Amino acid sequence: MPLTDQQRQRYGRHLALPEIGEKGQEKLLQARALVVGVGGLGSPAAFYLAAAGVGHIGLRDGDAFELSNLQRQIVHTTGSIGRQKVESAADRLRELDRAIELTLYPFRLTEANAPDILALYDFVIDATDNFESKFLIARACHAAGKPYSHAGIRQFYGQTMTVHPGKTACYRCVFHEDGVPATAAPAGPIGALPGVLGSIQAIEAIKCILAIGIPLVNRLLTFDALAMETRIVSVRRDPLCPLCGRR
Amino acid sequence: MITIKLNGKDQTLPDASVVNDLFLILGAEGKNVAVVVNETIVRPENRSSHRLQDGDQVEILAFAGGG
Ligand SMILES: [Zn+2]
């Protein structure tokens, strides 16, 4: 569908980019992205996807919003306290753009419900806050053949990697499930940290939808906020990966 | 002695060091980390036998589960 005059103005900065332009913006408007977890990472990720005009966004989170979340979960407001996170985030995204279609999943992703949900989306953003969910997303995206962006944070440190299941190194290639620490994130994090990582996830989703640039695949980006150091760690697919390995 | 790059920085080690020896040097347990040597994952069961070579690029990656 060609853009309306309103859309041409709203997305003018995108249209000026040769990598996006009108054709790319139309693609974004037709794209479907799922944000799993609408907390620290999911707030900026969902916010930027909506602002970019990704036409359909799924929001999945089973938690209610708490006062202590305000320090970093920027899609929510003080008025969100006590509400379902997906509802509160949806209100904010609708304020940004009523035209964005939203589907809300106010519950946890499980082995049972993941296949039907993932089938509806082009790209998945893992913005969850626990290892169980991260490994579940890796398994479910592998089974569904859906590209996803992993990110994880702790204290002043964050990491992110994009995965095209079966083609590039997956989350399970790098992180062995039996090495999972008892707590997902000890203390913290500093609030702006998920802002950095969640924004990278949004960019990766947009690049994937538009098939532009070089995706963050076979490379884990690590971000150390205290040292203010970014590193790119190259990793090859593990042939012995229990998930995507060739057995 | 051999010199490796550990998370981007030079690290000198005795000859015949294995991956697990790195954890002793770092004072880390090595449980909740992933290890990548020259872009290849070294799984936990191979860390006591995986010999490090001069010039190896070694990355020790923390598990970060927060969101
Ligand atoms: Zn894998």
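**Exercise 1: The second largest pocket**

In the lining of the second largest pocket, H7(A) has the largest share, with 3 residues. The model is a predicted one, in which local features need pLDDT of at least 70, side-chain atom pairs count only at pLDDT 80 or more, and totals for chains, interfaces and linings use all residues. Residues are numbered from 1 along each chain as its sequence is written, chains are lettered from A and ligands numbered from 1 in the order written, and side-chain values use heavy atoms without hydrogens or water.

Task: State which elements of chain A each supply at least two residues of this lining, and give the classes of the lining residues.

Solution. 
1. The elements are helix H7 (131-144) and strand E5 (148-154) of chain A. Helices (H or I, at least four residues) and strands (E, at least two) are DSSP runs, numbered from the N terminus.
2. The lining divides into 11 nonpolar, 12 polar and 9 charged residues. Here Ala, Val, Leu, Ile, Met, Phe, Trp, Tyr, Cys and Pro count as nonpolar, Asp, Glu, Lys and Arg as charged, and the others, Gly among them, as polar.

**Exercise 2: The zinc site**

Task: Identify the donors of the zinc ion and determine why their arrangement is classed as it is.

Solution. 
1. The SG atoms of Cys170(A), Cys173(A), Cys241(A) and Cys244(A) coordinate the zinc ion at 2.3 to 2.4 Å. Donors are N, O and S atoms within 2.8 Å of the metal (3.2 Å for Na, K and Ca); water is not among the atoms, so sites may look incomplete.
2. Along the chain, the spacing of these donors is C-x2-C-x67-C-x2-C.
3. The 4 donor atoms subtend angles of 96 to 118 degrees, and the arrangement is therefore tetrahedral (four donors, all angles between 85 and 135 degrees).
4. Cys241(A) and Cys244(A) are both buried (under 20% relative accessible area, with exposed over 50% and partly exposed in between; 1.4 Å probe, protein chains only).

**Exercise 3: Backbone features**

Task: Locate the cis peptide bond, and decide whether Ala211(A) is buried or exposed.

Solution. 
1. Gly188(A) and Pro189(A) are joined by a cis peptide bond, with omega about 5 degrees. Pro189(A) lies in the loop between helix H8 (171-174) and helix H9 (192-210) of chain A.
2. Ala211(A), a residue other than glycine, has a positive phi near 55 degrees. Ala211(A) is placed in the loop between H9 and E7 of chain A.
3. With a relative accessible area of 67%, Ala211(A) is exposed.

Methods: Four donors count as tetrahedral if all angles lie between 85 and 135 degrees; four count as square planar and six as octahedral if opposite donors are over 155 degrees apart and all others between 65 and 115; anything else is irregular.
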